[in-house]
Amino acid sequence: MMPFKALGENCDMTAIGERVHYLSLALDARRALNAIRAADKGNGRTDELRNSIRAATESLEILSTRADLYAKLSPGHYVQYEEIQTLREVSSSFEPGPPIEVLRSLLSGGEDMPTSGDLGLARKFFRALESRALHHYNDPISSDTFMA
Amino acid sequence: MAEQRDYLRHDLTALYAFIECVAGGVVSRRNSAAYSAAAIRFFDFVEALAASSKNHLERWSVDDSEEFEDRRGELGTIRAAWREFHKLIKPALDADTLQAPSAVVDGIVRRFRELELPGCKETEFALFHTSEFNYVQVHTADLRRTAEKIRHIIPDAPLFPDNLGLIGLPYSQGRTAFANCLVAHEMGHHIYRRMAYGAALQVKADAVLKSGSSTYEQMEQGQKDVVIKALTQWSEEIFCDLFGAMLLGPCYPYSYIEAYDLSAILDCNGLVSGDRILPFIGFYEKYPSEMFRLQQQSIFLRESPWWDHISKSSARYATLLKVLHNVPIDAHVKENDKLGYLIPVLDSIMPEIRRVIGNTFEGVDCGFVLFSQLNNTIQKYLANGIVPSTLNVRYGNRPEEVTMVSPSPLVLLNSGMEFYLTRVNELMCSIRDEDETMFPRRLHWIRRIEEWIAKAIEDESLEKEVIDVDPGGNGNPAPPQT
């Protein structure tokens with residue numbers, strides 16, 4: 001195989017995302033927001049809260065540790081380019097930084113009720129994620145569901 | 001909150017109206033035209049999703065401003081989901097059975113159902129028309145996942161129908177037969193997404209990149225994502241081409257050559273023209289070049305029983321397949337300034353793609369033996385203007401040693417395509433006063449050949465239909481057999 005001497009300079013491809021994956025991420029974020037709200041009101045199921053935030057939490061952990069996204073098959077985290085790209089955009093601009101610790105505690109928490117502070121931060125994060133995913137979905141140059 | 005709730009009522013009504021507009025056409029139009037069973041399943045899904053969405057909106061409310069902030073975004077997400085279905089509904093309504101080339105596509109679907117993978121035997125494809133000259137596939141596996149996720153927001157939303165594919169055909173190609181062999185590529189997309197082959201090919205691409213250069217390891221993850229995405233998309237296209245070639249044999253690459261005018265690559269001596277490869281050798285961000293794709297089909301078919309027949313064919317398209325085999329990978333790299341560095345990586349992934357194709361078609365007869373037995377007879381029928389629905393095939397020397405055979409769609413398409421590519425002149429010369437130099441007359445006979453093949457494919461499907469006859473002739477049909 002030839003050496004990739006110009007690999008870095010050639011990554012300026014645009015508009016390679018598929019819209020449906022952005023929609024999928026927005027729906028995931030919306031599910032998490034609904035579960036967080038239910039938990040905040042004390043009438044949600046903890047397993048639904050955990051399931052709704054699992055993929056985002058595990059993906060954020062991988063992104064933060066610069067671990068290898070593609071080295072092995074794993075259904076636990078996001079693998080679609082569109083999902084990873086959007087998650088990275090939101091986490092990099094999120095104040096006060098990616099809420100990994102909060103999400104991890106929600107994910108691993110027992111039957112104890114999460115604090116309203118934790119739920120508030122998680123809510124803020126998933127609102128940002130839903131908005132960003134919808135922004136990409138609405139982008140006129142995003143490709144269609146059709147595949148020629 | 002009163003004023004805000006008025007705004008909210010307005011927003012809810014606007015979304016309700018949007019859903020009503022999108023789905024309303026299904027209710028009003030579907031009764032005025034005939035649709036395939038697959039299209040009807042899709043329309044049923046849309047109607048059920050519309051009903052559940054509207055019910056959800058009618059019950060939708062918030063208690064306070066905090067909940068408003070939390071939930072207002074949900075309406076935008078529901079609207080986005082409906083936009084996703086919006087683009088499919090009208091094309092599907094337009095492709096009623098009077099417009100779509102049902103017999104040929106149905107024949108290819110019957111071939112598809114020979115796959116042993118889960119769900120393939122039950123799979124149906126709804127067809128729609130596209131304005132672009134492209135055969136397209138809607139990623140129903142992705143739509144299915146989307147529909148499942150909608151259920152987390154709208155709990156009584158329907159699931160997307162099982163084993164349903166959506167394929168778009170150029171609106172202009174409704175009457176053609178051979179061009180529609182390209183739907184096999186779209187069926188490949190259906191399988192690729194449903195079997196989630198992309199994840200395995202991502203892993204392979206990552207491994208190849210790591211073994212090829214330390215530069216990749218040093219890249220930012222965002223850059224890696226872009227590279228992996230491009231390679232995965234290219235791999236999917238190649239997979240679908242090989243799927244088409246495996247499903248339909250050489251008539252698939254022949255259709256591909258004709259659709260994209262790839263025979264322009266050949267010069268007068270039947271060799272690759274250095275000048276005329278230029279429009280076909282450039283890679284695109286989402287697609288490998290047409291020439292690379294066709295070369296991979298040639299390499300793939302060379303390993304199959306079909307190659308012996310292709311190598312002896314006088315068709316110019318067969319010549320193209322033969323000469324493309326020898327184009328070196330460096331020629332592709334050289335002509336692709338921007339993306340050329342990734343072509344050797346794609347080439348290194350090819351064995352994995354071929355392995356996945358092998359797994360996909362495990363236990364499926366490639367059809368060549370039957371083709372080689374029936375091809376001459378079918379072409380003899382076509383040369384005499386006879387629909388080759390039922391062939392009388394001799395298996396011995398005695399008069400009664402003749403059996404009747406109904407050729408499969410795979411055999412019919414390949415024999416018909418070969419006849420179309422090599423024997424139109426012969427057919428026309430055998431007809432008194434016919435002039436093979438007149439384009440309208442050539443087109444007339446080409447259309448007739450396609451109609452004969454389509455009719456034979458339709459007849460073959462009728463032979464497979466189970467009919468409950470009336471054994472006593474007294475108006476009581478036989479009970480259905482279990």
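B:Leu127 stands opposite B:Ile167 in strand S3 of chain B. This is a predicted model, in which local features need pLDDT of at least 70 and side-chain atom pairs count only at pLDDT 80 or more, while totals for chains, interfaces and linings use all residues. Residues are numbered from 1 along each chain as its sequence is written, and chains are lettered from A and ligands numbered from 1 in the order in which they are written.

**Strands around S3(B)**
- Strands here are DSSP runs (E, at least two residues) and helices are runs of H or I (at least four), numbered from the N terminus.
- S1(B), residues 124-130, runs parallel to S3(B), joined by seven bridges; strands pair if DSSP finds at least two bridges between them.
- S2(B) pairs with S3(B) in the antiparallel sense over three bridges, and B:Val138 stands opposite B:Leu166 in S3(B).
- Six of the seven residues of S3(B), residues 164-170, are buried (20 or more other C-beta atoms within 10 Å of a residue's own, with C-beta atoms placed from the backbone).

**Where chains A and B meet**
- The contact takes 44 residues from chain A and 51 residues from chain B; two residues are in contact if their C-beta atoms, placed from the backbone, lie within 7 Å.
- On the side of chain B that touches chain A, H9(B) gives the most, with ten residues.

**Domains of chain B**
- Chain B has domain 1 (2-194), domain 2 (198-360) and domain 3 (368-464), with bounds from an automatic or database domain assignment.
- The C-alpha centres of domains 2 and 3 of chain B lie 32 Å apart.
- Twelve residues of domain 2 of chain B are in contact with nine residues of domain 3 of chain B.

Note on methods. Buried ≥ 20, exposed ≤ 12 C-beta atoms within 10 Å, placed from the backbone.
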